[in-house]
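Work through the exercises below with the model open beside you. Try each task before reading its solution.

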Protein chains: 2
Amino acid sequence: MTDIRDSIDRFDPRFDASGLVTAIVTDAGSGVLLMVAHMNAEAIRLTQETGQAHFWSRSRQALWRKGETSGNGLTMVEMRVDCDQDALLLRVTPAGPACHTGRRSCFYRRVEADGRLIFLDDDA
Amino acid sequence: MTDIRDSIDRFDPRFDASGLVTAIVTDAGSGVLLMVAHMNAEAIRLTQETGQAHFWSRSRQALWRKGETSGNGLTMVEMRVDCDQDALLLRVTPAGPACHTGRRSCFYRRVEADGRLIFLDDDA
């Protein structure tokens, strides 16, 4: 992979054909992976301007602010970008559970080799 | 988001139109986010069977085993799936730097509000 994007000091997101980049959200305090979502240019701009995480919903085809209905918003502490600038890391302070199921993280199930899913404790 | 996928105990990945799910890779020891890639059904199967992380390269349109050229493979410790089963978490033990730039993580730049990128120490 040779791409100038890995060495430049200018933010130049590589949006996919749908105009999106992957956004990975971690708890800035614990480092725990909370959720994965997608952002378009407008979601990035709003997140930077307001300090509150905004995403693009692919299923609803709409911009949304995390927490606008649940109250469980995500206050951004830091935004990082990966080497080829097609993924963002949002380090946040969550106001509550990040997952719509009420769990801290969306990644609450372990995949077994036989295809079973094992539900994990919320602090696993 | 109401979807049976968030409560079932059976692995049923929701592949996108290209047959892919997002794969987030963290260091199982430190919890640090290392990289983001994509997996198709074959990459998932090979990762489960061999214990070594395999991905699908969208740019090269080819299956690859991480480390097959660099030597910096990723030994899987655990696989998790998110609530709607369109993203996987691979907790791994890395054999070396995960990023093709030689850094531990692909997320080595902070995005500033004015669009500048600040290069971070490798242990940030």
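Two strands pair if DSSP finds at least two bridges between them. Helices (H or I, at least four residues) and strands (E, at least two) are DSSP runs, numbered from the N terminus.

This is a predicted model, in which local features need pLDDT of at least 70, side-chain atom pairs count only at pLDDT 80 or more, and totals for chains, interfaces and linings use all residues. Residues are numbered from 1 along each chain as its sequence is written, chains are lettered from A and ligands numbered from 1 in the order in which they are written, and side-chain values use heavy atoms, with hydrogens and water left out.

**Exercise 1. Find how many bridges join β5 and β6 of chain B, and in which sense these strands pair.**

Solution. 
- Locate β5 at residues 74-81 and β6 at residues 87-94 of chain B.
- Count the bridges: there are 7, and the pairing is antiparallel.
- Check one position: Met76(B) has Val92(B) in β6(B) as its bridge partner.

**Exercise 2. Give the strand order of the open sheet that contains β8(A).**

Solution. 
- The 6 strands run β8(A)-β7(A)-β5(B)-β6(B)-β1(B)-β2(B), and the pairing is mixed.
- At the edges stand β8 (117-119) of chain A and β2 of chain B, each pairing on one side only.
- Neighbouring strands are turned by 30° against each other on average, direction ignored.
- Contact means heavy atoms within 4.5 Å. Axes are lines fitted to C-alpha atoms, for helices over the stretch in contact, and angles run from 0 to 180 degrees between N-to-C directions.
- Helix α1 (residues 41-50) of chain B packs on this sheet and touches β7 (109-111) of chain A as well as β1, β2, β5 and β6 of chain B. Its direction makes about 120° with that of β5(B).

**Exercise 3. Describe the hairpin of β1(B) and β2(B), then decide whether β2(B) is mostly covered or uncovered.**

Solution. 
- β1 (residues 21-27) of chain B and β2(B) pair antiparallel over 6 bridges.
- Ala23(B) has Ala37(B) as its bridge partner in β2(B).
- Between the strands lie 5 residues, and Gly31(B) takes a positive phi near 80° in this hairpin.
- Buried means under 20% relative accessible area, exposed over 50%, partly exposed in between (1.4 Å probe, protein chains only).
- β2 (residues 33-39) of chain B is mostly covered, with 7 of its 7 residues buried.

**Exercise 4. Name the strands in order in the open sheet that contains β2(A).**

Solution. 
- The order is β2(A)-β1(A)-β6(A)-β5(A)-β7(B)-β8(B), again 6 strands with mixed pairing.
- β2 (33-39) of chain A and β8 (117-119) of chain B are at the edges with a single partner strand each, so one side of each has no neighbour in the sheet.
- The twist averages 30° from one strand to the next.
- β1 (residues 21-27) of chain A runs antiparallel to β2(A), joined by 6 bridges. Ile24(A) stands opposite Val36(A) in β2(A).

**Exercise 5. Work out which rotation superposes chain A on chain B.**

Solution. 
- Copies are superposed by least squares on the C-alpha atoms of residues with pLDDT of at least 70 in both.
- The rotation is 180°, with 0.0 Å of shift along its axis and an RMSD of 0.0 Å.
- The two copies are therefore related as by a two-fold rotation axis.
- In chain A, the C-alpha of Gly31(A) is nearest the axis, 3.3 Å from it.
- Both copies use the same surface: 100% of the contact residues of chain A recur in chain B.

**Exercise 6. Classify the aromatic pair of Phe55(A) and Trp64(A).**

Solution. 
- Rings of Phe, Tyr and Trp (its six-membered ring) pair if their centres lie within 6.5 Å; planes under 30 degrees apart count as stacked, over 60 as edge-to-face and the rest as tilted.
- Over all chains, the count is 4 aromatic pairs.
- Phe55(A) and Trp64(A) are tilted, at 5.5 Å centre to centre and 45° between the planes. Both residues are buried.
- Phe55(B) and Trp64(B) are also tilted, at 5.4 Å and 45°.
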